[in-house]
Amino acid sequence: MIQIYKAGNEEFEKNGDAVLHPTVCSVEEELKGSWKMSLENPADENLNLIKSGSVIKADTNIGKGQLFRIYEHEKTDSGVTAVAYPIFFDAARETFLLDSRPTNKTGQQALDILFSGTRYSGSSDILIASTAYWQKKNCIEAMNSDDDNSFLSRWGGEPIYN
């Protein structure tokens with residue numbers, strides 16, 4: 001079942017505002033790269049719900065009830081197409097690290113520091129200890145950028161957005 005939540009509705013444990021019946025709903029997952037959902041829905045009673053800011057809840061190969069925020073949509077006479085990204089990417093707008101320095105920490109300890117005080121979390125089984133300096137970055141940049149101090153550069157690993 002593919003559900004949609006209006007922008008502002010964050011009660012994701014409850015049923016969405018409507019159930020969608022798209023002709024296409026696919027997720028592209030590029031390891032250490034872009035993750036996106038493509039959706040095509042015919043013109044129906046839900047046409048006006050499928051717009052930027054809304055959230056789609058769908059099962060993927062990663063797990064059940066994955067959340068994706070719509071960033072782009074285009075309406076036509078025959079329906080609507082949309083592109084959505086994991087809701088975790090909201091952290092790029094919602095988080096800011098002024099100065100955070102996980103020192104000699106395991107992967108899990110570093111993620112705990114990275115997401116401290118936010119509504120986001122991460123898990124890691126990386127036991128090597130490393131150090132990073134995250135200054136004036138959001139959590140996405142600190143975790144998954146080309147910067148020498150990013151989590152992926154210092155600890156390694158492969159992000160899975162769940």
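This is a predicted model: local features need pLDDT of at least 70, side-chain atom pairs count only at pLDDT 80 or more; totals for chains, interfaces and linings use all residues.

Student: Which residues touch the most other members of the largest nonpolar core?

Tutor: A nonpolar core is a set of buried Ala, Val, Leu, Ile, Met, Phe, Trp, Tyr and Cys residues joined through side-chain atoms within 4.5 Å; buried means under 20% relative accessible area (1.4 Å probe, protein chains only). Here the largest core has 20 residues, and F88, L114, F115, W134, M143, F151 and W155 touch the most other members. α2 (107–114), α3 (139–143) and α4 (151–154) each give two or more residues, with the largest share, four residues, coming from α3. Helices are DSSP runs of H or I, at least four residues, and strands are runs of E, at least two, numbered from the N terminus. A second, separate core of 16 residues includes L39, L49, I70 and A84.

Student: What is the volume of the largest pocket?

Tutor: Rolling a probe the size of a water molecule over the atoms shows where empty space is left. On a 1 Å grid over the protein atoms alone, a pocket is an open set of points where a 1.4 Å probe fits, with protein on both sides within 12 Å along at least five of seven lines; lining residues have an atom within 4 Å of a point. The largest pocket has a volume of about 890 Å³, this being the space filled by probe spheres set on the points. Among its 32 lining residues, F88, S121, I160, Y161 and N162 lie nearest its centre. β6 (66–76) gives the most to the lining, with three residues.

Technical notes
Residues are numbered from 1 along each chain as its sequence is written. Side-chain values use heavy atoms; hydrogens and water are left out. Buried means under 20% relative accessible area, exposed over 50%, partly exposed in between (1.4 Å probe, protein chains only).
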